[in-house]
Amino acid sequence: MQNAFDNSSSPSELALYLNNCGQPKYRKVLYRLLTESQEYQAEKFAQFGTNEQYLSEIDLALDNFQDPLPTNQIVTFFQLHTARQVIQQQTNANPDDALQLLVELKRVKEAIGYARLRNTAADRFKSLLRVANVRKKSGDLPFDMLSELEQTVWQIEDPEFKSRALGDLAEVFAELDEAEKTRQLFNEALQVASTIQRAFGRSLTLGMIVKTLCRIGLLDEAVALIDQIEDDEWRDWSREEIIQRALARSNFSFAFDMVKLIQDPEIRVSGFQTIISDLDLAHHELTRDVFFAAIDAANEIPYIGVRIYMLCQLINFVPSSISQHEIEQLIQQTLSLRHLLQSSDKKTKALSALSSLRFHYDEWNDVFKACLESFDVIEDHDEHKYLLVALAIDFRYFGRFDALEQLVDCTEEEHLRAEVQTELYSALLEVGNFDRATVILEGIPLKYRDRALKIMVRLLSDRGEISNANILSRSISDQQTRVESLYEISNKSIQTNAAQSEDIFDEASKSMLNKRDDARWNNSLITIVKLLINVQEFNGAILIAKKITQPLGQVEMLRHIGLYLAKNGSNSYFTLLSQARNIANKSFPQIKDWVETWFTRGIAIAHVRNNEEHAADSVNNAKVAAYSFKDKTLQAQYLCELAQDLIQIGANQYINLLDDVTKIIVTVPDESARIRLFKSVAVTYALIDSSKSSVLFEQAIELVLCHSVDSNTVRMLAQEIIQYENTEKGRRLLSKISEPFDQVQTLCQLIKNTEFKNQVDDLIEKAVIAAQAVKIPNFRVLAFCLIATELINVNHVRAIEILQTAENNMPPNPDSEFKHIANVLATLGSYVDAFKWYRRQRFISTGSLPLDDLMTIIQDWYPVLENLDPFLPLIIIRESARIAGWIRPDWHEVYRVLAGVQMQSTRD
């Protein structure tokens, strides 16, 4: 959208010329400008103060790519998408809180630019509204920004979001005294809300509109809207909002009457509590009536633990008009309820509430003792933690330092102890006991200190010690916590006109930009390692594997490389296996048996491969390691894998191993596990002795026919039989596969089998019927996608029709289904459309397509890309890592590794 502030949202004249002059060589110049270095993007940002023009030029360039995409354009296509995501990552690194700070730092254009680049219309509106509200407070809200907000709100597709957004916009106009526009927007909000199909969604939206009406003082309109709310919980919640507004007007009687209408007794108690606090300050005669009405409501709560909790809340904030005798009676009545406690979860909440009573009654120590004793009987770890933390917070609130000290002493688990210590630390800071607080901080292990440090940073900021707060924030190890602290320091420094506020803000933004999701990062690196192994680039694979931050993932990749090298006669296998072994034993001592088994297996494979004298002893050691497992299934599984490895390197020691596995299998009690083991040994024998393989497959089939076996196990057996032996024999098992999704997977296996090429149409019909019977919507979409993929692979004309069926079965709130559709389109070679679907999925699940997830796309599309060129996936990843490295040093390091790998480019 062209805006009134500048022309940064439109491509430059140079970009338009290069793109539209009609000569491919000029378009290549444009692509290089956009993707070769960050300098061009930095110049655009410096010129306009936003990334809008740069992003518009990327989108201009991407519009040139059409399906089917030629192979020599695929890398450039991914480069442009990565550059686009770099900008999106920069945008997402500045949340709405940061946009508010930017406005306060007088960097308004930058804040607006980030807001406009949000992924969805709803997110754009929310961010622009945040900017507008900050500017409104300072009297600097131009009309064209209001116009842009109104245009953006009508771009929101979801009626729930649109209706709430219209209400929020109405509030802005109300505060500007635009009464006519305010009522128009509220009417439009209600009209849109009436189109919401979900009853809960309608109630939620109307409740939010009630809240907005209350905020701007339209109390009568809010009350009138209550009856339209269908959901009881949201109706009660909305009444609470009206009560707050009534109290603001000191209309206590109206508020009291409104609370009485709330159906949920727990919410009713909260409503009465809200009134009591205001009444008590005004010494109002209604105070006693409201207090005892709250007590009556609390006694209606069916769960004893929650009832005790709410009664304790009332007692702790009892109004001054209640006599000491009445208080003591309430305390005794509440204490007597604890003997009725039954369930563990309600008991912990009740005990923590009882122990928090600020009144010194005789039984306080008994309750505290009961709390401590309950730790030994609470089996659920989360409940144990809840009681500890709840007690710690209550003790801190009421200044019971002695109780907090006792709680620290009786907490054994390290991270829970750190939680309690942090509460004690906070309590000491609040009362100004800094010396004792420092001692407590030093006692908290380094890895748990972040929360305590954040509290101290906030305290220093509040006291105006900006430099000290900034220095202390550097001690915070968790990046997200540190960024939050830096934003808080920046906000405080703006308020105190400190000179360093802008530098602190920029430091926070940079830290947020470098933040990564370790799970996605590690999955991406694992993908790269596997690709490098596939092209036998082991040095690069080792370097990338060592960048994996999750120990078990690093161990698995180093082990994978080590075993591959051992099978291929490389002497470097031992170093890698030893490194993996050391990491595993240090980080996961509980899996020592598993680690030793694969370590001795790798040594055995290498010794046999190199024809060393002690090869036989090494094989025996590997067998002994496998027998160390008590679980017979694991014994058989590892011996079978050892036999497979030996067969792959042409050794003959496998015969005895397979005989041993066959003997172990008959002792496995679980039928499904026994079938899977027979299948594994049969597949292994299929490589060397088809007759024995056939016998074992028959034994597995007999087990399936004689026992009730899970559908997935039968499906896997059928697929292996189809692949390695007799397709008709495998097809017979279809009748035993009860789950429709498993039926689809097996039928897809038959569709691609050349022996059934004359029966493909019949198989497709059966697969479609099975897919339609899948109950879970996302699995139903995946089932149709699997069929479509196989039809593409066999060049069947119905592939597009089945893909369309998958799209038509998309559930109302899809998530991973977009990815499934994208993968089918990639199999078709329609990468442009595939990328659009993939991005749609990420918009819903994360609000963006994270840089780390670009590698997941390569993993999903690897078979298709590899068919075009074995090095193509790695070339794409290398280029994506290079561009991601503009803002992420970790990806720059990955690029440096991949830049050293020899790859034949497919770009030209």
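Predicted model: local features only at pLDDT ≥ 70, side-chain atom pairs only at ≥ 80, totals over all residues.
Student: Let's start with the rings. How many aromatic pairs are there here?

Tutor: The count comes to 22 aromatic pairs.

Student: Where do W234 and W237 lie in the fold?

Tutor: Both belong to helix α14, which spans residues 232–248. They are 3 residues apart, about one turn of the helix.

Student: And is each of them buried or partly exposed?

Tutor: Buried means under 20% relative accessible area. W234 has 16%, so it is buried. W237 has 22% and therefore counts as partly exposed.

Student: What would Y573 and F574 show me?

Tutor: They form another edge-to-face pair, with 6.3 Å from centre to centre and 85 degrees between the planes. Y573 is buried at 7% relative accessibility, whereas F574, at 41%, is partly exposed.

Student: Now for charges and rings. Which residue lies over the face of F173?

Tutor: Here you check how far the charged end is from the ring centre, and whether it sits over the face. K181 lies over the face of F173, 5.9 Å from the ring centre. For an arginine case, turn to F599: the charged end of R581 sits over its ring, at 4.0 Å from the centre.

Student: On to salt bridges. How many does the model have?

Tutor: There are 48 salt bridges by the rule used here.

Student: What does the bridge between E57 and K44 tie together?

Tutor: E57 sits in helix α4 (residues 52–62) and K44 in helix α3 (residues 39–48), so the pair ties together parts that are 13 residues apart in sequence. Both E57 and K44 are buried.

Student: Which residue does D96 pair with?

Tutor: D96 forms a salt bridge with R118, again with 3.2 Å between the closest N and O atoms. D96 is in helix α6 (residues 96–104), while R118 is in the loop between α7 (108–116) and α8 (121–137). They are 22 residues apart, and the pair links distant parts of the chain. D96 is buried at 11% relative accessibility, and R118 is buried at 9%.

Student: Where are the partners E175 and K136 located?

Tutor: Their side chains meet in a salt bridge at 2.3 Å, N to O. E175 lies in helix α10 (residues 159–175) and K136 in helix α8, so parts 39 residues apart in sequence are tied together. As for accessibility, E175 is partly exposed at 42%, whereas K136 is buried at 17%.

Student: Which residues are linked in a network of salt bridges?

Tutor: Select R107, E110, E502 and D506, and you will have the network on screen.

Note on methods
Residues numbered from 1 in each chain as written. Heavy atoms only, no water. Phe/Tyr/Trp six-rings, centres within 6.5 Å; stacked < 30°, edge-to-face > 60°. Helix = DSSP H or I, 4+ residues; strand = E, 2+ residues; numbered from the N terminus. Buried < 20%, exposed > 50% of the residue type's maximum accessible area, 1.4 Å probe, protein only. Lys NZ or Arg CZ within 6 Å of the ring centre and 35° of its normal. Salt bridge = Lys/Arg side-chain N within 4 Å of Asp/Glu carboxyl O.
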